[in-house]
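My entries record what lines each of them.

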Amino acid sequence: MSTNASSVDPLATLGSLPGVTDSVDSVRKAVDRVYGHRVMRRRSTEVTSEAALRGARASAALSGADWALEEVRRRTDFGVEPEARTVGAALRLTAEAGQLLSIWRQSPLRVLARLHLVAASGAGDDATVGRPRLAGEEVEEPLIEAPLPDADEVTGRLDGLAELIIAGSSAPALVTASVVHGELLALRPFGTYNGLVARAAERIVLIGSGLDPKAICPAEVGHAEQGRAAYVAAFEGYLSGTPDGMAAWIAHCGRAVELGVRESTAVCEALQRGAA
């Protein structure tokens, strides 16, 4: 997607693509239903905590560390083998995302740098941590094998994305979150953990927009549930830049939110039964 700022709101334009309005409406209704659950009146904090844990587990799974939920829940050491580091990074990002909401609309690039710094915590004095990659620096990113934009293109497109976010948009939250997620996957601006950062940024948009203010609708769960192959296929639609491809990616992200809603609805039901 071209993210050059102009008098035209490109995010709002995407919101008018065929099928996108239906996705937006379906997501809104699903979110409203779970927020209306009786458990949310008194135990929303517990639902939020469980959604965060499940979202982090799912995001790590998409990045190659597919651990059982109970294993993530019981573990305390995430600093040894590569899969453990990935799970630990996902958990830290989920915890950090809520602390960055007030900064996102004013300085999204600062937030992205912070997210990568948090994800790569423990990487020692690695000078690549917390900043976009420079020319010639390698990227380690499981799952995404699309052509890698060069460092100059990354800088330009990150600046364009930041301008769009700061300027604001009339587009629905789902559209903005999908574009932020897709653009970061396309650019892979950091040397590591780009997928985790992209999904954390999507989470920030969904929460900060007011669509999911209590962070109880973990889209990461839905992305993982649809499967890695479907995730990559939908992302290829984003990369195509075509109206159909973009609409398919947004619909995929919308379905991910709906599946996240289903997950948290199950948590609400378990709490209601006293079985959580």
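The entries below take the cavities in turn.

Entry 1. I note at the outset that the model is predicted. I asked how many cavities of 30 Å³ or more the structure holds. I found two.

Entry 2. I looked up the volume of the largest cavity and recorded about 60 Å³ of space. I then listed its lining. Gly55, Ala56 and Ser59 belong to the lining, as do Ala90, Leu93 and Thr94. Leu196, Arg199, Ala200 and Glu220 complete the list.

Entry 3. Which helices each supply at least two residues of this lining? I recorded α3 (40-62), α5 (82-97) and α10 (194-208). Sorted by class, the lining of the largest cavity has five nonpolar, three polar and two charged residues.

Entry 4. I turned to the second largest cavity, for which I noted a volume of about 40 Å³. I found its lining to consist of Arg199, Glu202, Arg203, Leu206, Asp212, Cys217, Pro218, Ala219 and Glu220.

Entry 5. By class, I counted four nonpolar and five charged residues in the lining of the second largest cavity, and no polar ones.

Entry 6. I compared the two lists of lining residues.

Key:
Residues are numbered from 1 along each chain as its sequence is written. This is a predicted model: local features need pLDDT of at least 70, side-chain atom pairs count only at pLDDT 80 or more; totals for chains, interfaces and linings use all residues. Side-chain values use heavy atoms; hydrogens and water are left out. On a 1 Å grid over the protein atoms alone, a cavity is a set of points where a 1.4 Å probe fits but cannot get out, and a pocket is an open set with protein on both sides within 12 Å along at least five of seven lines; lining residues have an atom within 4 Å of a point. Grid points are joined across faces, edges and corners, and a volume is the space filled by probe spheres set on the points. Helices (H or I, at least four residues) and strands (E, at least two) are DSSP runs, numbered from the N terminus. Ala, Val, Leu, Ile, Met, Phe, Trp, Tyr, Cys and Pro count as nonpolar, Asp, Glu, Lys and Arg as charged, and the others, Gly among them, as polar.
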